[in-house]
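Subject: Structure handover

Hello,

Here is the structure for you to look at. Please open it first, then read the notes below it.

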Amino acid sequence: MDGLAWQAEFVSGWAEIDQEHRALLEMLQQLRLAILEGATFSQVKPQLLACATETERHFQHEETLMAAANHPLYLSHRAAHQNLLRDLSLILEDGQRHPENLTPETIETMGALVVRHIREEDLPMLSLLAHPKELAQQQAAELTAENVF
């Protein structure tokens with residue numbers, strides 16, 4: 001199976017977020033295809049930058065949703081976003097310095113980071129947002145834990 005393909009298991013129940021995730025994966029698929037067809041770094045640089053911009057915009061959207069709900073995972077999720085952006089930035093910087101390193105596998109590595117984030121970070125976070133009762137219980141547990149110490 002294509003590691004950059006949208007999969008049913010990625011559906012969070014938040015249509016707008018799901019569409020953003022799907023769009024990011026499609027952008028990565030297009031990048032991989034362009035490189036497979038022989039595009040150089042300078043030819044795909046605009047697509048790479050657009051993908052980075054869209055990723056940052058998407059992360060801001062998620063963080064805004066989380067902050068508005070006083071989500072207990074907000075800080076850890078924000079840190080996960082910052083780490084993912086750093087990792088993607090390092091890959092892009094390497095491609096800039098060593099264009100020959102920008103391969104379809106490079107894009108697949110980027111995609112694997114995004115997919116892992118969706119599975120391990122976004123789905124649990126969005127599940128709590130979709131279930132206010134569980135979110136309130138998680139918030140209460142966080143407050144109780146803070147008061148113990």
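This is a predicted model: local features need pLDDT of at least 70, side-chain atom pairs count only at pLDDT 80 or more; totals for chains, interfaces and linings use all residues.

Start at Met125. Setting aside neighbours within four places in sequence, Met125 is in contact with Glu62, Met66, His71, Leu73 and His77. Met125 sits in helix α4. Met125 counts as buried because its relative accessibility is 0%, and the cut-off for buried is under 20%. Pro72 is 53 residues away from Met125 along the chain, and their C-alpha atoms are separated by 9.1 Å.

Overall fold

The protein chain has five helices and zero strands. From the N terminus, the order is α-α-α-α-α. The chain has 149 residues, and buried residues make up 37% of them. Take the contacts between residues at least 6 apart in sequence: 72% of these join residues at least 24 apart.

Helix α1

Helix α1 covers residues 15-36. How does its span compare with 1.5 Å a residue? The 22 residues should span 32 Å, and the end C-alpha atoms are 31 Å apart, which agrees. The buried residues of α1 are Ile17, Asp18, Glu20, His21, Leu24, Leu25, Leu28, Leu31, Arg32, Ala34 and Ile35. Their cover includes α2 and α4. Just after α1 comes Gly38, with a positive phi of about 100°.

Ile35 deserves a look of its own. Ile35 lies in helix α1. Its relative accessible area is 9%, so Ile35 is buried; the limit is under 20%. Which residues does Ile35 contact, leaving aside neighbours within four places in sequence? They are Val44, Leu102, Thr103, Pro104 and Ile107. Pro104 is 69 residues from Ile35 along the chain, and the two C-alpha atoms are separated by 6.0 Å.

Helix α3

Helix α3 runs over residues 74-97. At 1.5 Å a residue, its 24 residues should span 34 Å. The end C-alpha atoms are 34 Å apart, which agrees. Buried in α3 are His77, Ala80, His81, Leu84, Leu88, Ile91 and Gly95. What covers them includes α2 (41-68) and α4 (104-130).

Aromatic pair

There is one aromatic pair in the structure. It is made by Trp6 and Phe10: the ring centres are 5.5 Å apart and the planes lie at 70°, so the pair is edge-to-face. The angle cut-off for that class is over 60 degrees. Are these two residues buried or exposed? Both Trp6 and Phe10 are buried.

Largest pocket

The largest pocket has a volume of about 160 Å³. Its lining is made of Leu28, Leu48, Cys51, Ala52, Thr55, Glu56, Leu85, Leu88, Ser89, Leu92, Met110 and Val114. Helices α2, α3 and α4 each supply at least two of the lining residues. The largest share comes from α2, with five residues. By class, the lining has nine nonpolar residues, two polar and one charged. Leu28 in this lining is also one of the buried residues of α1. Leu88, likewise in the lining, is among the buried residues of α3.

Cavity

How many cavities of 30 Å³ or more does the structure hold? It holds one. About 50 Å³ of space lies in the largest cavity. The residues lining that cavity are His21, Leu24, Thr55, His58, Phe59, Leu84, Val114, His117, Ile118 and Asp122. Helices α1, α2 and α4 each give at least two residues to the lining. Which helix gives the most? That is α4, with four residues. The lining divides into five nonpolar, four polar and one charged residues.

Thr55 and Val114 line the largest pocket. Thr55 and Val114 also line the largest cavity. His21 and Leu24 of the cavity lining are among the buried residues of α1. Leu84, also in that lining, is buried in α3.

Best wishes

Conventions
Residues are numbered from 1 along each chain as its sequence is written. Side-chain values use heavy atoms; hydrogens and water are left out. The expected span of a helix is 1.5 Å times one less than its number of residues. Buried means under 20% relative accessible area, exposed over 50%, partly exposed in between (1.4 Å probe, protein chains only). Contact means heavy atoms within 4.5 Å. On a 1 Å grid over the protein atoms alone, a cavity is a set of points where a 1.4 Å probe fits but cannot get out, and a pocket is an open set with protein on both sides within 12 Å along at least five of seven lines; lining residues have an atom within 4 Å of a point. Grid points are joined across faces, edges and corners, and a volume is the space filled by probe spheres set on the points. Ala, Val, Leu, Ile, Met, Phe, Trp, Tyr, Cys and Pro count as nonpolar, Asp, Glu, Lys and Arg as charged, and the others, Gly among them, as polar. Rings of Phe, Tyr and Trp (its six-membered ring) pair if their centres lie within 6.5 Å; planes under 30 degrees apart count as stacked, over 60 as edge-to-face and the rest as tilted.
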